[in-house]
Amino acid sequence: MSFKDRGYCIQKQIIDKQLADFLYSYLQLKKKVFNTMMDMNLISPYNLDWGGKGDSMCPNTFAIYGDAAMDNLIAFLKKKVEKETKLKLTESYSYARLYKKGDDLRKHRDRKACAVSLTINLGGDKWPIFLLDKKGIKTDITLKPGDAVLYQGTELPHWREQFKGQICGQLFLHYTLSSADTLYDSRKHLGLPNSATEKKRKFHEIN
């Protein structure tokens with residue numbers, strides 16, 4: 001069955017293992033830099049441009065919105081995503097998390113800026129994602145580094161059960177169906193941080 005029929009599909013090695021390893025290491029370094037800058041009082045705890053200690057979905061878990069390297073992948077992979085979905089898409093934003101033991105994600109649908117999304121495994125311990133497809137069939141998917149699930153986040157409920165591993169790096173790349181649906185998530189262009197959005201977002205908002 002196709003993406004159109006199910007509302008999702010699996011994309012094996014949408015980025016190669018070497019790039020996934022690099023981004024996984026990069027995300028861990030971003031967390032280290034964030035923690036050091038916080039410890040040295042170089043940034044305010046209210047400044048999310050360097051990342052944050054958590055959001056409403058995953059408290060106390062490092063996450064970062066709109067990182068330039070991660071955002072660049074949105075444009076880099078756009079043609080692949082459009083070919084698979086057979087949709088004309090507009091770039092929205094990226095969001096990355098370093099999950100820890102005990103984390104989970106409650107069942108939810110995403111906001112309008114996440115009409116079509118990729119969740120890419122960057123590395124760490126295995127952790128399946130669950131979703132309900134267009135027919136209401138429950139599916140669990142476990143990805144290897146570089147693999148992704150392409151899904152309609154505003155339509156399909158999706159979630160993760162409690163994480164039994166120690167660490168998992170996951171990257172979300174979001175697209176909208178038209179530029180009218182807040183191009184670049186209300187930023188002037190890709191790569192700009194949270195403070196550059198027209199509506200300052202304190203977390204990865206959902207419906």
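So, Lys30 and Asp67: their side chains meet in a salt bridge, 3.2 Å from N to O. By salt bridge I mean a side-chain nitrogen of Lys or Arg within 4 Å of a carboxyl oxygen of Asp or Glu. Lys30 sits in helix α2 and Asp67 in the loop between β2 (63–65) and α3 (68–76), so this pair ties together parts 37 residues apart in sequence. Helices (H or I, at least four residues) and strands (E, at least two) are DSSP runs, numbered from the N terminus.

Quick caveat: this is a predicted model, where local features need pLDDT of at least 70 and side-chain atom pairs count only at pLDDT 80 or more, while totals for chains, interfaces and linings use all residues. Numbering runs from 1 along each chain as its sequence is written, and side-chain values use heavy atoms, leaving out hydrogens and water.

Buried or exposed, Lys30? Buried, at 19% relative accessible area, and Asp67 is buried too, at 6%. The cut-offs: buried is under 20% relative accessible area, exposed is over 50%, partly exposed is in between (1.4 Å probe, protein chains only).

Okay, what else? The whole structure has eight salt bridges. One of them joins Asp147 and Lys12, 3.7 Å from N to O. Asp147 is in the loop between β7 (138–141) and β8 (148–151), Lys12 in the loop between β1 (8–11) and α2 (17–39), and they're 135 residues apart. Asp147 is buried at 2%, whereas Lys12 is exposed at 61%.

Then there's Lys17 with Asp21, closest N and O atoms 3.0 Å apart. Both lie in helix α2, four residues apart, about one turn. Lys17 is partly exposed at 42%, and Asp21 is partly exposed at 34%.
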